[in-house]
Amino acid sequence: MGTHFSRSVAEGRAFMQIIDGRPVDALSGERIDVASPSDGKVFASIPASGEADVDRAVKAARHAFDEGPWGRMPAVERGRCLTRLFQLVEKNGEELAALESRDTGKPIRQGKADVTATMRYYEFYGGAADKIHGDTIPFLEGYTALTLREPHGVVAAITPWNYPMQILARVVGAALAMGNTLVVKPAEDASLTTLRIAELALEAGIPAGVFNVITGYGRAAGAALSAHPLIDYVTFTGSPLTGTAIQQAAAVNNRGVTMELGGKSPQIVFADADIDAAIPVLVNAIIQNGGQTCSAGSRVLVERPAYEKVAAALAERFGALVAGPHDADLDIGPLINPAQRDRVGGFIAAAQDAGIPLLARGTVAPDAPEGGYYQAPALFGNVDPDAALAQEEVFGPVLSLFPFTDEADAVRLANSTEFGLVAGVWTRDGARQHRVAKRVRAGQVFVNGYGAGGGIELPFGGFKKSGHGREKGFEALFDMSATKTIVFNHG
Ligand code: NAD
């Protein structure tokens, strides 16, 4: 399997959603065309579900939680189900990578990297399922008090299109390890690997009704799911605006939520840093997945004495970057859809109109298919910290450079957006590494490195508009469960 396979996988397939362990169409029979962002051509379709389909899926998950074998299964057995899913993802890795790559347009090597991360999530949470436990608490004489970590019940998961398979895995891994059941609504632009993984989950022995998938538009299926009264908890990864709508819907039923929203993450480079080591990391942090990464390092802040050197090195790299179809495996693929391509193009045009210097622009491969959604990478220098480019999430291959004068100025600039997801700090000064890492408002800080999306073991989530709650690592198991306190009066 290779290039040819990633160009033809799932050709002509009418995908079904998975409810109660069975492949089912939308009750209305309506479908959504699936196009490849590389050439804009339709190659498959998914069901367009509405409220009635959501109700079916939620009731299946409810029944599986309340009555099914899942609730009584020992934690070690739940863990083994996830471990088998890890093995099945590995076995079907080529197909999954090709499917993800064709569906989202991401270069095939990124599709493969996503498979590796997906495997690690199921492996990690498979192993963790029987290793999380409660406490005993010193209490009054004559009493014993203890805590249990219990599942919420039915969890609704609404996921985005940028890393569908990976984001699914971090939610499913943690939710199922803790004994919840699930209804997942993937993004309408990228649902295929989620449907395939749900099939593999059945093969792995996860009982019918535990892991349901409904497909459809956010405003229909997503809205109905987040508002459903039989849901116990909602986890969402996506844009801040949709996050607000989902929290409002869940608030009507007073349900808990985890929100993984956007970012405008800074990479701070001090003049004493190892600049040569930093440059490729700075570039990759924004170029990975075409910049469509919540934790993309989209702002590079450079101490003035090093500014010209860093700007020149980045410009050289950016000028050489090439966008092309997923199977050509170039620096970046197309963006997810025409609206996203035009939105990113709008940011670039507005920045140029405002006189922000464009330091370098990559290219689109001359043989990239006409109908694809391409946008060449762009590097802007001396960006005004109040400009839209400095404040808003572009979600594309656009990097902004900012000079700063000293440590206090760097921290002020780093914290000057409404977001707070990830930050990078480059300096050889150990005391400064600690000071800046503590003062930057971000859920993850990398010192002399950057991990856009990586580190399945590392707790991940935002401050401010980037959201609340934590996923990944052991922390996610706390988000996916609730503490019950039991007090025995034994005299
Ligand atoms: P989006 O908010 O448009 O869509 C995400 C999901 O929400 C999709 O499944 C969509 O169908 C659904 N949805 C849309 N409207 C809805 C509604 N009214 N009710 C319920 N569901 C609805 O986001 P996107 O464009 O798919 O993804 C890009 C965004 O996601 C970016 O802002 C990015 O930063 C963010 N993101 C964050 C993380 C993170 O972990 N922090 C990870 C990936 C992406």
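Across the interface of domain 1 and domain 2, 1 salt bridge is found. The structure is a predicted model. The salt bridge joins the side chains of Arg-109 and Asp-329, with 3.0 Å from N to O. By residue class, the side of domain 1 that touches domain 2 holds 8 nonpolar, 9 polar and 8 charged residues.

The division of the chain gives the context for this contact. Domain 1 is made of two segments, 13–261 and 468–485, while domain 2 covers 266–455. The contact between them draws on 25 residues from domain 1 and 29 residues from domain 2. Between the C-alpha centres of domain 1 and domain 2 the separation is 30 Å.

The extent of the interface can also be put as an area. The size of an interface is often given as the accessible area lost when the parts come together. For domain 1 and domain 2, the buried area is about 2,100 Å², and 51% of it lies on carbon and sulfur atoms. Polar contacts are found here as well: 14 residue pairs across the interface are in polar contact, with both residues at pLDDT 80 or more.

Notes. Residues numbered from 1 in each chain as written. Predicted model: local features only at pLDDT ≥ 70, side-chain atom pairs only at ≥ 80, totals over all residues. Heavy atoms only, no water. Domains from an automatic or database assignment. Contact = heavy atoms within 4.5 Å. Buried area = accessible area lost by both parts, 1.4 Å probe. Salt bridge = Lys/Arg side-chain N within 4 Å of Asp/Glu carboxyl O. Polar contact = N/O pair within 3.5 Å; in protein donor to acceptor, adjacent residues only side chain to side chain. Nonpolar A, V, L, I, M, F, W, Y, C, P; charged D, E, K, R; others polar.
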